[in-house]
Amino acid sequence: MSAPPDATALIQTPCMDFLQDDTLFVATGMVMATTIMFAMAKRFRGHGTDERNEPRKKRKLEECSRAPREYWNSTFGKMLLLIRSQEGNQCPRVQRRFRRRFRVPYHIFCDIVNMAREKKWHHCKEKDLCGQPLPPLEILIMGTLRVLGRGVCFDEIEELSNVSESVARKFFHSFCKNMAQEYPTYIYPPSTPEEIKATMHAYTQLGFPGCIGSTDCVHIAWDKAPACDIAWYRGKEKYPSLAYQCTVDHGGRCIAC
């Protein structure tokens with residue numbers, strides 16, 4: 001058995017000559033693969049250092065390092081603090097402004113907040129896992145009412161309430177889903193003979209015997225109406241719109257929508 005050639009002789013040997021030897025071919029392939037893997041490790045790890053010998057660094061959460069959000073110092077927070085104060089609670093101008101901006105009177109807004117808190121539609125914690133304050137339930141509902149009433153985007157809600165856009169969007173969809181489940185509790189027609197008789201009595205005194213409700217519609221502009229059907233959706237407003245119908249009794253209670 002002859003001794004293996006040294007490295008100098010191996011390098012000077014033509015490639016096709018030593019590739020004919022199976023043993024030499026396997027050894028050469030292993031050396032080339034090892035060299036390539038070492039070069040790759042050196043490129044990605046930095047000069048051949050082993051990451052296993054380095055201490056693992058704990059990555060800090062971005063939420064823990066940022067400044068806390070001041071929800072009560074926002075536009076919505078200041079509005080709520082003003083209307084809760086004695087001066088704002090007795091000022092009709094502040095009450096009208098609140099209703100114009102959020103489309104509900106303040107006492108109805110308080111009922112919605114209490115209902116959401118009792119039914120646990122949202123968390124009751126004041127801080128998250130990083131110790132940062134969480135947005136109050138009142139301000140989240142104010143943002144939802146602003147979107148429903150004026151159709152603003154959630155980026156504007158973040159600007160007005162300091163609540164992040166993603167949190168406001170998630171709460172909006174969750175709130176609408178929970179509120180839709182309360183529909184049969186508050187909106188229903190008179191079902192018993194006593195209820196029907198009591199509802200008809202008010203209209204009978206006004207000269208409308210047999211009537212149990214008053215119906216009206218509101219037209220909301222529809223800027224995404226299909227081009228081929230615009231004529232079907234254009235009415236007296238001279239622009240495409242969707243009509244929403246509501247029926248109430250003489251006392252103002254909604255019985256159909």
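Helices (H or I, at least four residues) and strands (E, at least two) are DSSP runs, numbered here from the N terminus. The model is predicted, with local features requiring pLDDT of at least 70 and side-chain atom pairs pLDDT 80 or more, while totals for chains, interfaces and linings use all residues. Residues are numbered from 1 along each chain as its sequence is written.

On a 1 Å grid over the protein atoms alone, a pocket is an open set of points where a 1.4 Å probe fits, with protein on both sides within 12 Å along at least five of seven lines, and lining residues have an atom within 4 Å of a point. The largest pocket has a volume of about 1000 Å³, where volume is the space filled by probe spheres set on the points, joined across faces, edges and corners. Its lining counts 18 residues, with Val104, Ile112, Leu145, Met179 and Ile187 nearest the centre. Two or more lining residues come from each of helix H8 (106-118), helix H9 (137-150), helix H11 (165-180) and helix H12 (183-186). H8 gives the largest share, four residues. By class, 14 lining residues are nonpolar, one is polar and three are charged; Ala, Val, Leu, Ile, Met, Phe, Trp, Tyr, Cys and Pro count as nonpolar, Asp, Glu, Lys and Arg as charged, and the others, Gly among them, as polar.

Next comes the sheet. Three strands form an open, antiparallel sheet in the order E1-E2-E3, where pairing requires at least two DSSP bridges between strands. Strand E1 (214-221) and strand E3 (254-256) are the edges, each pairing on one side only. Eight bridges join E1 to the antiparallel strand E2 (residues 241-248), and Ser214 has Val248 in E2 as its bridge partner.

Key
Heavy atoms only, no water.
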